[in-house]
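Trainee: I am new to this structure and would like to begin with a close look at a single part, before going on to others. Could you take me through it slowly?

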Amino acid sequence: MSLRNRISLEAHIDGKLHHELEYTFYGLVANLNDLERAATKEEHEQWTIPVEQQSEEKEVKLRIRMIDGRRWVLTSKISKPGVLGWEEVDTDISEDMFKHLRQMAIKGYKKTRYTFKIDASELVWEIDVFNDINGKPHPWVKIDLEVKTKDDT
């Protein structure tokens, strides 16, 4: 399988409201070179924009992300009590807007996202490898599986 680099796996960067439900795991990768078998690989720079919580009844998040140095995305997320997952809106922004918002950010990081399709399924594993303080890939990774419902297998 060849590794393809593309401008975002996430098809829902469209400015529309989507429901995000994902399972997150953390693991130690013995050999990071094994991730090169992924279907796709993206370089991300991601920053958190501070947002004042208006209510204890919901949690809100705002972030910006640069993907492969060619796509800039603004994401808002709202979590509501009693509802699994997040309401999420992803929309493209200009490079200048990204740079401007990055000046307002409170924390950020760089990571490489690898994706692996699951045979006989529409589901995809996303494995995020974060860079350490020296810019080197860290062997502890974040693994996400986004599902449509809690019963997806």
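Leaving aside its neighbours within four places in sequence, which residues is Glu 57 in contact with?

Mentor: Before the contacts, a word on what you are looking at. This is a predicted model, in which local features need pLDDT of at least 70 and side-chain atom pairs count only at pLDDT 80 or more, while totals for chains, interfaces and linings use all residues. Residues are numbered from 1 along each chain as its sequence is written, and side-chain values use heavy atoms, with hydrogens and water left out.

Once neighbours within four places in sequence are set aside, Glu 57 is in contact with Ser 79, Lys 80 and Pro 81, where contact means heavy atoms within 4.5 Å. Glu 57 belongs to the loop between β2 and β3; strands (E, at least two residues) and helices (H or I, at least four) are DSSP runs, numbered from the N terminus. With a relative accessible area of 60%, Glu 57 is exposed, given that exposed means over 50%, buried under 20% and partly exposed in between, for a 1.4 Å probe and protein chains only. Ser 121 stands 64 residues from Glu 57 in sequence, and their C-alpha atoms are 35 Å apart in space.

Glu 20, in strand β1, has a relative accessibility of 7% and so counts as buried. Not counting residues up to four places away in sequence, Glu 20 touches Lys 77, Gly 85, Trp 86, Glu 88 and Glu 146. From Glu 20 to Leu 32 there are twelve residues in sequence and 28 Å in space, C-alpha to C-alpha.

Leu 101 takes us to helix α1, residues 95–102. Its relative accessible area is 14%, so Leu 101 is buried, and beyond four places in sequence it is in contact with Ile 49, Ile 64, Leu 74 and Ile 93. The C-alpha atoms of Leu 101 and Thr 48 are separated by 9.4 Å, although the two residues are 53 apart along the chain.

Rings of Phe, Tyr and Trp (its six-membered ring) pair if their centres lie within 6.5 Å, with planes under 30 degrees apart counted as stacked, over 60 as edge-to-face and the rest as tilted. By this rule there are two aromatic pairs. In the pair of Tyr 109 and Phe 130, the centres are 5.1 Å apart and the planes meet at 70°, so it is edge-to-face. Because Tyr 109 lies in strand β6 (residues 107–117) and Phe 130 in strand β7 (residues 124–131), this pair ties together parts that are 21 residues apart in sequence. Tyr 109 is partly exposed, at a relative accessible area of 32%.

Finally, consider the backbone. Most residues other than glycine have a negative phi. Asp 68, in the loop between β3 and β4, has a positive phi near 55°, and Ala 120, in the loop between β6 and β7, likewise has a positive phi near 55°. Asp 68 is buried, at a relative accessible area of 15%, whereas Ala 120, at 88% relative accessibility, counts as exposed.
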